[in-house]
Amino acid sequence: MVDNRFDVLVVGAGPAGSIAALILARGGARVALVDKTTFPRDKACGDLVGPRGVQLLTDLDLKVPGAVSVSDMIVVGPTGRRVRLPSFPGRTYPDHALAVPRTSFDTMLHEAAVTAGAVPFVGHAVEPLQGSAGIDGFALADRTRLRADTIIGADGATSRVAEAAGFIEHDRVMWGFAIRSYLEQTVDLPAIVLWEPSPWQAIPGYGWLFPGPDGRANVGLGIGTLADRTTASQAVHRMPQFLDHLQHLDLLTPGPRPSARLGGWLKMGIVGTTPAAGRVLLVGDAAGLVNPLQGEGIAQAMRSGHAAATAILATADRPGQAATRYRAWLADEHLPYQGIAAAMQSAILPHPAAIAGVGRLLTLPVLGRTLAPGWSLFWNELLDGAAPGRARTSAALATRVGRAAATRTRTWQWLDNTFSS
């Protein structure tokens with residue numbers, strides 16, 4: 001067997017990995033981009049690219065054919081009350097998201113990376129290869145051996161790279177599981193549905209109904225499990241009942257129910273995962289960068305891929321320093337929000353009645369309308385770069401209050417210790 005040597009090996013060619021490979025290739029690095037399957041391929045996802053992700057696509061001159069622009073969002077409370085969360089243009093991001101199926105979106109990004117010069121490989125990364133500085137690469141299932149100075153793990157929530165590097169503390173990871181289907185139905189505004197299958201017994205997560213291109217809607221149900229992944233099956237079991245609930249709310253019209261469903265794991269809030277050390281950097285879901293409160297992960301994945309690649313290029317003569325630079329970016333970019341959101345999620349998730357109470361409170365008519373502008377910025381991790389105004393002031397206040405409460409929790413202390421070490 002012959003070793004193939006590269007400057008950087010990127011394992012996983014979703015949004016995080018393909019953006020990382022694109023930046024590296026444009027920067028002159030020799031980069032291998034590995035995915036376990038060929039493109040196009042599907043992923044369980046809500047298919048919404050948030051405003052920060054939209055801005056990055058613009059900055060990189062990447063076009064997304066067929067995408068639908070999405071602005072405001074509706075939150076439906078457990079009693080059926082609705083609050084409209086407004087979308088604001090920020091100083092560093094636009095006033096809209098994009099709805100685009102992952103099948104086409106991921107294919108576009110992968111093709112852009114390969115066109116820029118990344119070398120594609122197909123196969124499972126099954127065996128880590130050791131070098132003098134630790135993991136030096138991976139052998140694929142077909143016995144192809146890929147070695148590199150630096151490795152980027154972009155291989156999702158159940159990352160093989162993270163496991164091989166010893167970056168996971170399994171009893172601390174905040175897991176989630178989501179199941180998604182498509183329906184032939186036009187949806188005007190994306191809806192997040194806080195649902196109680198029985199009174200005051202809310203699911204530990206939420207359901208959604210998002211618009212998509214060509215009159216096809218994305219519908220799904222996400223469940224937070226914390227470290228106990230055995231409870232994830234309720235997302236699958238409750239999906240038919242949730243579709244009935246959407247019809248009861250007049251969000252879905254009567255008609256054929258989806259026959260095809262796709263599920264996937266989420267790893268949230270960075271908790272339980274060391275995101276970078278030595279010559280291994282984790283990005284996207286592999287690093288646990290999914291928003292714990294509303295499940296967004298595409299924009300975070302893309303931006304982390306960009307940041308990891310930039311760190312590698314900036315330390316090309318000192319490969320071991322890229323992890324330090326990347327961790328500093330994560331601490332500055334995500335810890336102010338993720339620490340609060342992860343602490344909140346960890347505290348409330350085991351208590352269905354508390355989740356129900358919060359959902360009911362936030363969607364009270366007067367209170368919901370009052371909180372909506374700041375709620376929109378805080379919940380969607382958009383405070384940094386927000387334009388001046390009442391919404392930013394409210395979101396900043398929520399952040400200060402949240403931080404004061406979160407700093408006393410084990411979740412915050414774990415994150416603080418991880419990033420200060």
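Which residues touch the most other members of the largest nonpolar core? They are F105, I152 and Y326, in a core of 83 residues. Before going on, the conditions: this is a predicted model, where local features need pLDDT of at least 70, side-chain atom pairs count only at pLDDT 80 or more, and totals for chains, interfaces and linings use all residues. Residues are numbered from 1 along each chain as its sequence is written, and side-chain values use heavy atoms, with hydrogens and water left out.

A nonpolar core here is a set of buried Ala, Val, Leu, Ile, Met, Phe, Trp, Tyr and Cys residues joined through side-chain atoms within 4.5 Å. Buried is under 20% relative accessible area, exposed is over 50%, and partly exposed is in between, with a 1.4 Å probe and protein chains only.

Apart from neighbours within four places in sequence, I152 has contacts (heavy atoms within 4.5 Å) with V8, L9, V10, V11, A20, L24, L281, V283, A308 and I312. There is also a second, separate core, with 31 residues, including I192, L293, L377 and W379.

Q345 sits in helix α8, residues 335-348; helices (H or I, at least four residues) and strands (E, at least two) are DSSP runs, numbered from the N terminus. Q345 counts as buried because its relative accessibility is 10%. Leaving out residues up to four places away in sequence, Q345 touches M174, L226, M268, P292 and L293.

Next, helix α2, residues 51-59. Its buried residues are P51, R52, G53, V54, L56 and L57. What do the buried residues of α2 pack against? The partners are α1 (15-26), β3 (48-49), β7 (97-99), α3 (102-116) and α6 (298-314). After α2 comes D61, with a positive phi near 60 degrees.

M239 is in α5, and M239 counts as buried because its relative accessibility is 1%. With residues up to four places away in sequence set aside, M239 touches I179, S181, V219, G220, L221 and R261. Its C-alpha is 24 Å from that of G156, which is 83 residues away along the chain.

L252 lies in the loop between α5 (233-248) and β16 (262-268). L252 is also buried, at 7% relative accessibility. Its contacts, again without residues up to four places away in sequence, are L183, Q185, L209, L243, L246 and Q247.

On the surface, L361, L364, L367 and L371 form a nonpolar patch with about 290 Å² of accessible area together. Patches take residues with over 30% relative accessible area and no salt bridge, joining like charges within 9 Å and nonpolar side chains (Val, Leu, Ile, Met, Phe, Trp, Tyr) within 5 Å. The areas are from the Shrake-Rupley method with a 1.4 Å probe, and for residues only the protein chains shown count as cover. L371, in helix α10 (residues 365-379), is partly exposed at 34% relative accessibility.

Last, the charges. How many salt bridges does a search of the whole structure find? It finds 15, where a salt bridge is a side-chain nitrogen of Lys or Arg within 4 Å of a carboxyl oxygen of Asp or Glu.

One of them joins the side chains of R147 and D3, at 2.6 Å, N to O. R147 is in strand β11 and D3 in strand β1 (residues 3-11), so the pair ties together parts 144 residues apart in sequence. R147 is buried at 13% relative accessibility, whereas D3 is partly exposed at 36%.

Another is D42 with R180, at 3.0 Å, N to O. D42 lies in the loop between β2 (31-35) and β3, and R180 in strand β12 (residues 174-184), so this pair ties together parts 138 residues apart in sequence. D42 is partly exposed at 35%, and R180 is buried at 3%.

A further bridge is R360 to E196, at 2.9 Å, N to O. R360 is in helix α9 (residues 352-362) and E196 in the loop between β13 (191-193) and β14 (205-210), 164 residues apart. E196 is buried, at 10% relative accessibility.

Finally, salt bridges with shared partners join D3, R5, D136, R145, R147 and D149 into one network.
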